[in-house]
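Me: I would like to learn how to read a structural model, feature by feature. Could you walk me through one?

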Amino acid sequence: MTRQEWSRIKAPTLADIEALADAAYAALPQRFTRLCEGLVIRVEDFPDDETLDDMQCDSEFDLLGLFRGRGLTQGAHLSETGEQPNMIWLYRRPILDYWADSEDTLEAIVTHVLVHEIGHHFGLTDDDMEEIERRAE
């Protein structure tokens with residue numbers, strides 16, 4: 001690329017990441033999305049300080065996404081009045097940082113993080129998801 005071509009390139013915005021997440025969600029099989037009714041997906045630049053502390057992160061770049069709520073196996077259908085809905089956060093800056101050092105496309109990374117966090121909504125642990133990925137390889 002020429003200098004002029006590089007000068008026109010801008011980092012993907014929150015809206016760009018949200019559009020990638022929306023497209024990834026829309027591409028999921030309906031049998032999964034039916035189980036995600038009421039799930040809220042948000043895109044933020046970084047996790048807040050409380051989240052970083054809760055997750056024992058050393059850096060604000062350590063967390064690409066997060067699920068908060070009551071997973072389906074923990075009785076999500078039994079949520080009480082006043083309780084927050086199940087939510088997934090995707091963190092733009094850590095995702096972009098990861099992308100910069102990856103050979104994967106930004107779309108693939110956003111999809112992976114979103115699906116991983118939806119796995120937590122289904123009640124899967126990180127170990128469960130790693131085992132599923134190992135078997136799929």
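Predicted model: local features only at pLDDT ≥ 70, side-chain atom pairs only at ≥ 80, totals over all residues.

Me: How many helices and strands does the chain have?
Reply: Helices (H or I, at least four residues) and strands (E, at least two) are DSSP runs, numbered from the N terminus. Here there are seven helices and three strands, in the order α-α-α-β-α-β-β-α-α-α from the N terminus on. The C-alpha atoms fill a box of roughly 55 × 35 × 25 Å along the principal axes.

Me: What share of the residues is buried?
Reply: Buried means under 20% relative accessible area, exposed over 50%, and partly exposed in between (1.4 Å probe, protein chains only). Of the 137 residues, 31% count as buried. In helix H5 (residues 92–100), the buried ones are Arg92, Pro94, Ile95 and Leu96. Their cover includes H2, strand S1 (40–44), strand S3 (87–91) and helix H6 (106–121).

Me: At what angle do H2 and H6 pack?
Reply: Axes are lines fitted to C-alpha atoms, for helices over the stretch in contact, and angles run from 0 to 180 degrees between N-to-C directions. For H2 and H6 the angle is about 65°, with the axes 9 Å apart. A contact means heavy atoms within 4.5 Å; by that rule Ile17, Leu20, Ala21, Ala24 and Tyr25 in H2 meet Leu106, Glu107, Val110, Thr111, Leu114 and Ile118 in H6. The residues of this contact divide into nine nonpolar, one polar and one charged. In that count, Ala, Val, Leu, Ile, Met, Phe, Trp, Tyr, Cys and Pro are nonpolar, Asp, Glu, Lys and Arg charged, and the others, Gly among them, polar.

Me: Is Leu14 buried or partly exposed?
Reply: Leu14 counts as partly exposed because its relative accessibility is 33%. Leu14 sits in helix H2 (residues 14–26). Setting aside neighbours within four places in sequence, Leu14 is in contact with Val43, Glu44, Asp45 and Arg92.

Me: And where is Thr33?
Reply: Thr33 belongs to helix H3 (residues 30–33) and is buried, at a relative accessible area of 19%. Not counting residues up to four places away in sequence, Thr33 touches Tyr25 and Leu28.

Me: How many aromatic pairs does a search of the whole structure find?
Reply: A pair of aromatic rings is described by the distance of the centres and the angle of the planes. Rings of Phe, Tyr and Trp (its six-membered ring) pair if their centres lie within 6.5 Å; planes under 30 degrees apart count as stacked, over 60 as edge-to-face and the rest as tilted. The search finds two pairs. Phe32 and Phe122 form a tilted one, 5.9 Å centre to centre with 35° between the planes. Phe32 lies in helix H3 and Phe122 in the loop between H6 and helix H7 (126–136), so this pair ties together parts 90 residues apart in sequence.

Me: Why is the pair of Phe46 and Phe61 edge-to-face?
Reply: The planes of these rings stand at 90°, with the centres 5.1 Å apart, so the pair is edge-to-face. Phe46 is partly exposed at 22% relative accessible area, and Phe61 is partly exposed at 29%.

Methods:
Residues numbered from 1 in each chain as written. Heavy atoms only, no water.
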